[in-house]
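Q: I would like to learn how to read a structure feature by feature. Could you take me through one, please?

A: Gladly; let us look at the model together.

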Amino acid sequence: MEFGSVVQFLEDKTILITGATGFLAKILLEKILRVQPKVKKIYLLLRAADAKSASQRIQNEVIGKDLFRILKEKWGESLNSIVTKKIVLVPGDISYEDDLGVKDSNLREEMWSQLDVVVNLAATTNFDEGYDVALGINTMGAKHVLCFAKKCVRLKVLVHVSTAFVSGERAGLILETPYGVGDTLNGVCGLDIDEEKKLVDQKLNELQAEGATAEAIKDAMKDMGMERAKVYGWPNTYVFTKAMGEMLVGHLKEDLSVVIIRPTIVTSTYKEPFPGWVEGVRTIDSLAVGYGKGRLTCFLGDITGIVDVIPADMVVNAIIVAMVAHANRPSENAIYQVGSSVRNPMRYTNLQDCGFNYFTNKPWIGKDGKPVKVGRVKVLSSMASFHRYMAIRYLLLLKGLELANMAFCHYFEDKYSDLNRKIKFVMKLVELYRPYLFFRGVFDDLNTEKLRMAARENNLETDMFYFDPKTIDWEDYLTNIHFPGVVKYVFK
């Protein structure tokens, strides 16, 4: 695999990024602007009613973020003029079949004639998203972006960002292999994506005919997504719809050069634009936030198990290098799993030990102004032990409250209802995350390693576009980069 300078490739290129306000999209945008200010144009597709609301979203949710601090320091007052010159806001929605919902015909024609690269980062990542929403964005949205890309006469490559967890609950070594249309994880036949879309439409029509409330429809769609996913062997709506998205992209790409990137659990930046930038409560960060604030007293899962995490800047670098490597080079299997479980595995024990040490030495200050004391969490290594723990700790109390509530003419109704609601929420959350707490798979990254080797052999800017997890010291990363970043940007 031979390819030239990444920085040179980006010069004078026109790029479309979908899902522009998302975590990885912001980091990708910042990186391109910082390393190659001579990029021609970057089109940012985002959901907005019009150009004005799109502009407000970009300022509030992207450019205004601390992530762009280095660029602001580098360019000062001229940043706004560069952004105005280089960035084109595109109000749209990839769930719209008709040209991504882009209403401005002149803008559509301009993109079709000018675009060199499309990077599809638009997704809904909620595990139990409504099936109508997840199917519209993660599955049909992937198809719509591909169809849009095919109309771009100068297009060199489409990069579709998926997730490594399309593998479901598979154990052992998980290869960088494609999904064919109709493939399932449990061997059940009959998966038809068009039929899934019809089932959703049919269900929505039934609910609306019955006069169901918006909340009832939302709940029904959530339940339907989880049910359909489990029929074919996937643990949740998110990974099921992302897998179907991959199927459509692979099936319909024809001779277009398409790259599929499958990141594992994406965490705070390792080095660039500065260490520790993170946004929102990401998967493992919910554990860090709960623990640091003294709310997490037990952990359910295999404490010796591998938790496959990868810093966000490494994922973005892999996207950019793969983009350059496959420009005008269609390939049958351009699938790159970007993670750490094979080359430099981190375990839940590392997370626990580093968390204990960090929050013991630098405790979170609670609302009362006092430092929150943390201790070693109780580890529950099976679902059976979790159910026993819940029964002893909470369900007996709930039963007692129920009896007292009846005896005292519903005097304890509020307390009983509140505790009952919290227990149901915890049980649902555990069921949602269970496949990952006891995950037994590791993600092969042979293709990704070949990409890294090719970049080194071609004497590319490997110090600028690094994505080798072997360079990470997990203890140092968690203690000095990730946890401080989570405290600064996530703790509220």
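Predicted model: local features only at pLDDT ≥ 70, side-chain atom pairs only at ≥ 80, totals over all residues.

Q: Where is asparagine 344 found, and what does its side chain reach?

A: Asparagine 344 sits in the loop between strand S11 (335-338) and helix H13 (348-361). Its side chain reaches the backbone oxygen of isoleucine 472 at 2.8 Å. Once neighbours within four places in sequence are set aside, the contacts of asparagine 344 are Pro469, Lys470, Ile472 and Trp474.

Q: Let us turn to the sheet. In what order do the seven strands come?

A: The general idea is that strands of a sheet pair through backbone hydrogen bonds, either parallel or antiparallel. Here the order is S3-S2-S1-S4-S5-S7-S11, in an open sheet with parallel pairing. Strand S3 (87-91) and S11 are the edge strands, each pairing on one side only. From one strand to the next, the twist averages 15°.

Q: How many bridges join strand S4 and strand S5, and which residue is the bridge partner of valine 119?

A: Strand S4 (residues 117-120) and strand S5 (residues 157-161) pair in the parallel sense over four bridges. The partner of valine 119 in S5 is valine 159. Moving on through the order, S5 and S7 pair in the parallel sense over four bridges, with histidine 160 partnered by isoleucine 260 in S7. S7 and S11 likewise pair in the parallel sense over four bridges, and there proline 263 has valine 338 of S11 as its bridge partner.

Q: Why is strand S7 described as largely enclosed by the rest of the structure?

A: In a regular strand the side chains alternate between the two faces of the sheet. Strand S7 (residues 258-263) is largely enclosed because six of its six residues are buried. Val258, Ile260 and Arg262 are buried on one side, and Val259, Ile261 and Pro263 are buried on the other, so that both faces of S7 are covered.

Q: Which residues have the most contacts inside the largest nonpolar core?

A: They are Phe3, Leu29, Val119, Leu121, Val159, Trp234 and Ile261, in a core of 139 residues. Helix H12 (residues 312-325) gives the largest share of this core, twelve residues. Another core lies apart from it, with 26 residues, among them Leu45, Met111, Ala122 and Ala149. As for leucine 29, residues up to four places away in sequence are not counted, and it touches Ile17, Ile42, Leu44, Val62, Ile63, Phe68 and Ile87.

Q: Now for a helix. Which residues of helix H3 are buried, and what do they pack against?

A: An α-helix has 3.6 residues a turn, so residues three or four places apart point the same way. In helix H3 (residues 51-63), the buried residues are Ala54, Ile58, Val62 and Ile63. They pack against helix H2 (23-35), strand S2 (41-46), helix H4 (69-75), helix H5 (78-86) and S3.

Q: Which residue caps the N-terminal end of H3?

A: Aspartate 50 does, with a side-chain oxygen 3.2 Å from the backbone nitrogen of lysine 52.

Q: How many disulfides are there?

A: A disulfide is a covalent bond between the sulfur atoms of two cysteines. The count here is zero. Take cysteine 152: the nearest cysteine sulfur, that of cysteine 147, is 11 Å away. Cysteine 152 is buried, at 6% relative accessible area, whereas cysteine 189 is exposed, at 69% relative accessibility.

Q: Let us end with the backbone. Where does a cis peptide bond occur?

A: Glutamate 272 and proline 273 are joined by one, with omega about -5°. Proline 273 belongs to the loop between strand S8 (265-267) and helix H11 (285-292).

Q: What is the phi of aspartate 99, and what is that of leucine 100?

A: Neither residue is a glycine, yet phi is positive: about 55° for aspartate 99 and near 60° for leucine 100. Aspartate 99 lies in the loop between S3 and helix H6 (105-114), and leucine 100 is placed in the loop between S3 and H6. Aspartate 99 is buried, with a relative accessible area of 11%; leucine 100 is buried, with 1%.

Conventions
Residues numbered from 1 in each chain as written. Heavy atoms only, no water. Helix = DSSP H or I, 4+ residues; strand = E, 2+ residues; numbered from the N terminus. Polar contact = N/O pair within 3.5 Å; in protein donor to acceptor, adjacent residues only side chain to side chain. Contact = heavy atoms within 4.5 Å. Disulfide = S-S within 2.5 Å. Buried < 20%, exposed > 50% of the residue type's maximum accessible area, 1.4 Å probe, protein only. Pairing = 2+ DSSP bridges. Axes fitted to C-alpha atoms, helices over the stretch in contact; angles between N-to-C directions. Core = buried A, V, L, I, M, F, W, Y, C linked by side-chain atoms within 4.5 Å.
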